[in-house]
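Open the model in your viewer and keep the selection tool at hand. Each stop below says what to select and what is there.

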Amino acid sequence: MIKDIWFARLTLTALAALTPPDIEVKITDENVEPIDFEEDVDLVGVTGMVMHAPRAYEIAQRFRQRGIPVVMGGPHASSLPLEAKEHVDAVVIGEAENVWEGLIEDFNGGRLKPFYKADDYCSMKGIPPPRRDLLRREAYMTVNCVQTTRGCPHQCDFCHVTHFFGKTYRCRPVEEVIEEVKRLDGEFVVFIDDNIAGDRHYARELFTQLKPLKKKWASQASMTLTRDPELLKLAAESGCVSLFIGVESLSSENLKEVNKAFNRVPQFEEAMKAVHDHDIMILAGFIFGLDHDDEGVFERTLRFCERNQIELPTFFILTPLPGTALFQRMESEGRLLHKDWGQYNGATVVFKPRLMTEETLQRGFNWACKEGYSWNSIFKRVFHPQQRFFTRVVSNIAYRSIAQRTPEGYLPSLSRILQKMNDTIPLQNTRDLIQRVGEKITEKKLLIGQKAADTLKLYSIYNERLKTLFVRLEGSMDRKGAKELVKRLKGVLNMEIQKVILDFKDVGAFSSEAVALLSRKGLLQTEEGKLWIAVNPPGIRD
Ligand code: B12
Ligand code: SF4
């Protein structure tokens, strides 16, 4: 049987390990077993991410009805402690290491406080090994989950990690990690860090000391690791077999807007290749619905995954999690649809996207999940010469079984057209080009030096709400390029697009024939120094 739950979260096993040894602890992970609400217990602790909040409150209510006090901690309760407190007796805000023992003493003395928050982040030295013995081992692919660091040096607007851990990036002493890993059964370990290579020196030391243990491991890392050949090689030599990498978006504008510009789009293909060259499998995360995403994003992203043979693409719908900068922005812009936390699960639209409707985003996401794990797409992604072909196939089959539960989706009708509207047009004729300033250029070399180029690049983005296509042009335009542009525009104006705005600001040079053609078609106006024009139906003049 392929298990849905791949590995156990460390949360409750870590908490159990912090509990004084004379107290009996039982863990119930509702992902894999039902809760016994009649169980004879003195104190209940619940945890959960934002999407688990409604269920966590329900569980709390059931125990409190029996007079059993409930404590809640974890990402949701830490972001919204006042809300959580309405449902439980005490809330632990942030890490438990420095407060859990005190809380238990207070409980034993009958003076449980409403909130517990440590004055500082805990030391990573001497953290007791998690109580894996309390888990139903057979329910998980592995319980060998180990944490080596907490936090992340970056601060992406949509991510909860830096909000939770502050700007700290703390590392456990390498020898303690190694001791813990040595004691684990089996050869496979999951490092559940958010960014295992956030501190280069620490990662170097960790990987070096892992090498002799001959374990295989998986973890998460930011894209910066792909630009560090030495560290990547060391990771592979130390047993790294797969990495979850947050690629997030193929648009530099999107990445800049969410404070993730350290993901450099022009280097993505190279980055994926660098990881593959070390036989490391890639689980790549992509977010749909960012402010520069139009209807073309779903297909564009999936084709990128296929082209780069990304073994396990994972798609998420942008989700403003409470506590994040993204949440604040969306709330202040009035774009949150509701605060039904159960739907803040990364698979449901909970905000108003900028360039498409909620429905288009939801259906497009559903399409990408299903199509991404269609046999056709799996074949394109898994057949490559790197090692572990069998693992690639088996994990794709497992992901496919999850993806198939996604509701029906469809590829937005304009998707193909939008891809076409972004195809570069090569320059055919370099003679007779006139720079925008009016100077004639004859030398191609000069051309390139003068901001013109031997291609015409199109950056097209469609706003479904305004039914408007914005096309920014960059490079040089000869007659052939102008003709091709006219042809493509005629094609789009036949569709539901009502308006096209062309922006010629970045066209460094035009041929006189191109200017004549565009002017005749009513597409180019240069009056008042403006080099842009809006085209409205009935559209382009014949
Ligand atoms: C491993 C992991 C996963 C694994 C989970 C495996 C599993 N079987 O559940 C996988 C990869 C599957 C996963 C998936 C998802 N994850 Co995740 N995941 C993590 C990660 C990296 C580590 C979790 C962990 O074990 N931490 C180690 C323990 C020790 O820390 P902790 O849980 O925070 O617990 C400490 C305190 O919070 C506190 N505490 C916590 N609970 C309680 C309860 C009580 C009673 C008390 C007293 C204290 C307490 O005490 C602990 C010790 O200090 C965290 C990031 C992180 N660093 O925590 C993200 C994180 C939890 N995941 C997150 C998200 C969003 C998801 C997804 C929803 C992503 C998606 N859109 O699909 C899915 C949901 C999956 C699901 N169905 O539950 C977010 C949650 C944000 C939020 N505010 O809700 C986090 C914080 C990452 C992020 N980028 O923001 N995830
Ligand atoms: S790099 Fe990853 S873990 Fe770090 S802040 Fe950004 S999304 Fe979060």
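Select strand E16 (residues 455-463) and strand E17 (residues 468-477): they pair in the antiparallel sense over 8 bridges. Helices (H or I, at least four residues) and strands (E, at least two) are DSSP runs, numbered from the N terminus. Two strands count as paired if DSSP finds at least two bridges between them. Pick leucine 456 in this pair; opposite stands glycine 475 in E17. Now go to the turn. The hairpin of E16 and E17 has 4 residues between the strands, and lysine 467 takes a positive phi near 50° there.

E13 and E16 pair in the antiparallel sense over 2 bridges. Proline 426 has threonine 455 of E16 as its bridge partner.

A word on the source before moving on: this is a predicted model, in which local features need pLDDT of at least 70 and side-chain atom pairs count only at pLDDT 80 or more, while totals for chains, interfaces and linings use all residues. Residues are numbered from 1 along each chain as its sequence is written, chains are lettered from A and ligands numbered from 1 in the order in which they are written, and side-chain values use heavy atoms, with hydrogens and water left out.

**The whole chain**

Zoom out. The chain holds 20 helices and 19 strands. Its C-alpha trace spans about 90 × 50 × 45 Å along the principal axes. Of the 542 residues, 51% are buried. Buried means under 20% relative accessible area, exposed over 50%, and partly exposed in between (1.4 Å probe, protein chains only). Take the contacts between residues at least 6 apart in sequence: 71% of them join residues at least 24 apart. Contact means heavy atoms within 4.5 Å.

**The cores**

Which residues touch the most other members of the largest nonpolar core? Select Phe191, Phe207, Trp217 and Phe315, out of 87 residues in that core. Helix H2 (residues 53-65) gives the largest share, 6 residues. A nonpolar core is a set of buried Ala, Val, Leu, Ile, Met, Phe, Trp, Tyr and Cys residues joined through side-chain atoms within 4.5 Å. Another core, of 30 residues, lies apart from it; Leu456, Ala482, Val492 and Val535 are among them. In soluble globular proteins, nonpolar side chains tend to be buried together.

Stay with phenylalanine 191. Leaving out residues up to four places away in sequence, its contacts include Val146, Val177, Ile196, Leu210 and Trp217.

Select helix H9 (residues 229-237). Leu231, Leu232, Leu234 and Ala235 are buried. They cover an arc of only 160° around the axis, which puts them on the same side of H9. The arc is that of the directions from the helix axis to the C-beta atoms. The buried residues of H9 pack against helix H8 (200-210), strand E9 (216-221), strand E10 (240-248) and helix H11 (268-277). After H9 comes glycine 239, with a positive phi near 115°.

Next, select helix H5 (residues 100-108). Here Trp100, Leu103, Ile104 and Asp106 are buried. Seen down the axis of H5, they fall within an arc of 160°, so they line one face of the helix. Their packing partners are helix H1 (11-18), strand E2 (70-72), strand E3 (90-93) and strand E4 (115-117). Just after H5, glycine 110 takes a positive phi of about 70°.

**Around ligand 2**

Select ligand 2. The residues around it are Cys152, His154, Gln155, Cys156, Phe158, Cys159, Thr162, Asp194, Lys260 and Phe262. Each has a heavy atom within 4 Å of the ligand. By class, this shell has 5 nonpolar, 3 polar and 2 charged residues. Ala, Val, Leu, Ile, Met, Phe, Trp, Tyr, Cys and Pro count as nonpolar, Asp, Glu, Lys and Arg as charged, and the others, Gly among them, as polar.

Pick cysteine 156 from the shell. It sits in the loop between strand E6 (149-151) and helix H6 (161-165). Is cysteine 156 buried or exposed? At 10% relative accessibility, cysteine 156 counts as buried. Beyond its neighbours within four places in sequence, cysteine 156 is in contact with Val258, Asn259, Lys260 and Phe262. Show the C-alpha atoms of cysteine 156 and valine 258: they are 102 residues apart along the chain, yet separated by 5.8 Å.
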